Structures are given as C-alpha cells and as structure tokens.
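Good morning, colleagues. Please have the sequence and the model in view.

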Amino acid sequence: MRDTTLLVEALKVSAYTVPTTAAEGDGTFAWDSTTMVLVQAEAGAWTGLGWTYAPAACVELIKELLEPAVNGLSVFDVPAASEAMARTVRNASRPGLAAYAISAVDCALWDLKARVLDLPLHRLLGAARSEVDVYGSGGFTTYSEEQLRDQLEHWTMVQQIPRVKIKIGQDRGTSTARDLSRIGQARSIVGPNVALFVDANGAYTAKQAVRVFQAAADQNIVWFEEPVSSDHLDGLREVRQLITADVAAGEYGTDLFYFERMCAADAVDCLQVDVSRCGGITEWLRVAAVAAAHGLEISGHCAPNLSIAAAAGTPNFRHLEWFHDHVRIEDIFFDGAADPQGGSVRPADNPGNGLTFREHDALKYRVGRP
Ligand SMILES: [Mg+2]
C-alpha cells in the first residue's frame, strides 16, 4: 500500500517567451511570440508538469494566491486543490488569467498524482479510447500563398493528417475576397478527401458569416469556428441554423457556467474546451459531462500535449487541435512530445503525461524573475 499521506510541497513556476517563426495573425489578433507559463508541482521525490499559454503575470498570481492554497494538500485529492484554488481567486476574479493559472496548476497536480502512483495519466483518469484524433491548425491570415502551401502539405502529405484548419476573417472581416481565395487555395492544396475547417476568430457578423460560407459552398467546409464572437451566443445560433458546417466555439471558457450557457443557448454543434484555460483536467471532465448532457461532443483547443490524456479519458470527444505554435514549443521543451503521424496520437505509456521538461533547451526563452 502506497503512503497516502504525501502532500503537495511546492509549486515551481517559470515563464518562457518563444518568438514565432513568421508573422502570425488571424481575423482579430496578430502576434510575434508565444508565452508559456510552466508549473512544476513537487511532492517528495516526484514532480508533476502543467502549463498554460498566458502572460508571464501568471507566475506572480500562482506564487501569491495558488501556491498557498494547494501546499499541504494531499497529492491524491486533486479536486480538493481545484476547489481551494477556485475559492482563493474569488476577489481576483476567476475568468481570465486566474483560470489560466489554475489550469496549469491543476494539470500539474494530476500529472504529479499519476507519477506518484506510477501510472500513465490516461490510466489514472480511465481511458475511453486508445487514440486521439488531431487536426492540423495554423493557416494564418498573415501567411503568403507559399507559406500556406508548405504548412498544409506538411500536415496532409508528410504527416498524413486528414483534417486541417485555416484562419479566415482577415482584418476583422473586411477582407472577405482574400478569405475566399485562401479557402479555395487551401482546398486545391489538400485535395477533396481532407476535411477542411475554418476559424474566423469572431471577425464576422452573423449574416456576413453565412454569406462567406455560401460563397465557399464548393469547398466543402465542415467546421466553422467562431464565425461571430463567442460571446454572441444568439449570433452563433443564427449561423448554426443557416449553414451545414458544424459551428464551434468555447476556447475562452474558464468555468462550468460559461460552457453551460453556451450549450443551453444551442450556440454550437461541437463544444471547444481548452484544458490550459478552462480550469485544468478537473474542470475539463466536468465540461465534457455538461456537453454530453446537451448531446454534444467536445473538441480540444490548443496545448496539444497537455490535452492528450484528458482527451483519451473523455467518451464524447471528437478531436484535438494540433496548433502550429504550441506544437513547436512543446517539441522544443519536452522529451516525449507526441507524434501525430497518420492523424492521431496515442497517450504515453510511461508515468504521468509521459513528458520530461528539457530545462536546458528552454532556458534561453526564460522571462521574468529567476
Ligand atoms: Mg479558434
């Protein structure tokens, strides 16, 4: 019988800013770097890994509020830590950075527990499937024709991923002619048999989104993500009723109520959940239950290697976003990062999430306090 008195002793927190390889942008945002906030939760000889993609300010938030809330709790009772964190950020307000920080800690604590028990994380959670389907995600509006071609060919021809997503809604929806020509270009590159997804990141109005979809009718788009702002639930529902593609949203959700409101409004055909934002694995599992009660599947948004075990443990799971920026960073930072060859990934068979942090390789990107 393993010692069940093991307690969380410390959270080591660090932030890393990694420049993009090219200018990147979508319908409503542009960026030239990505910041990861990494949490190493320590108990005895074990360390659990979790992270979020968020401003480095999360480091201070974790040290000031979350570490005191979880230190001294049993490593086996992650829901107790999740609840303690939710309570301690009441006045700081959970939506936004606090939830992102909680997610990183929650994921680190689940990984810690699995490592202590010497179990693969998906076995600790209990798996519903042995493989997790992924889709290639990038196709930034800032890409040239050549850059888009290189990326799509890499996913579909080299990696044999049968699902890809590109960004549309360029310049807050004011460049629909280019959106349509890029959709046509993407279809001609990937051929007729690859599922083509688009993501407008909330750049269009509802009717504009329907018009764009109709104008691209020949391109067989099967997934239209955030055609309008994900805060505009009526708009999402309007679009959903008028197009054949599945409408998806949910990537900004940071608590159960957000997802319940989105489902109850009939706003989506598939609910997106980000394990590095929603509250971690603890909340992901509850979000999946909410979606199931509304007859919906969930799709994992970003932070791909952090999501695999939770995705494997979710019965109503559809696919995981293999997002260009995060894949690149996780490949640099972790030994054991998954390979999407063939269009799916397998959860690691070694303890925890199966990842080892390559601190030495990450060091040159380190930001903030040492
Ligand atoms: Mg999106």
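Domain bounds, as I use them here, come from an automatic or database domain assignment. On that basis the protein chain is divided into domain 1 (10–119 + 358–365) and domain 2 (123–357). This is a predicted model, in which local features need pLDDT of at least 70 and side-chain atom pairs count only at pLDDT 80 or more, while totals for chains, interfaces and linings use all residues. Residues are numbered from 1 along each chain as its sequence is written, and side-chain values use heavy atoms, with hydrogens and water left out.

The centres of the two domains, taken over C-alpha atoms, are separated by 22 Å. Taking contact to mean heavy atoms within 4.5 Å, 47 residues of domain 1 are in contact with 52 residues of domain 2.

Leaving aside neighbours within four places in sequence, Phe224 is in contact with residues including Ile168, Val198, Tyr204, Phe213 and Val247.

I turn now to a sheet. Helices (H or I, at least four residues) and strands (E, at least two) are DSSP runs, numbered from the N terminus, and two strands pair if DSSP finds at least two bridges between them. An open sheet of 4 strands runs in the order S3-S2-S1-S15, with antiparallel pairing. Strand S3 (46–53) and strand S15 (366–367) stand at the edges with a single partner strand each, so one side of each is left without a neighbour in the sheet. Strand S2 (residues 30–43) pairs with S3 over 8 bridges, and Met36 is placed opposite Tyr53 in S3.

Finally, is Lys167 buried or exposed? This residue is found in strand S5 (residues 163–167), and at 6% relative accessibility Lys167 counts as buried. Its side chain and that of Asn201 are joined by a polar contact of 3.0 Å, that is, a pair of N or O atoms within 3.5 Å; within protein, one must be able to donate a hydrogen and the other to accept it, and residues adjacent in sequence count only if both atoms are side-chain atoms. Not counting residues up to four places away in sequence, Lys167 also touches Asp26, Arg182 and Asp199, among others.

Notes:
Buried means under 20% relative accessible area, exposed over 50%, partly exposed in between (1.4 Å probe, protein chains only).
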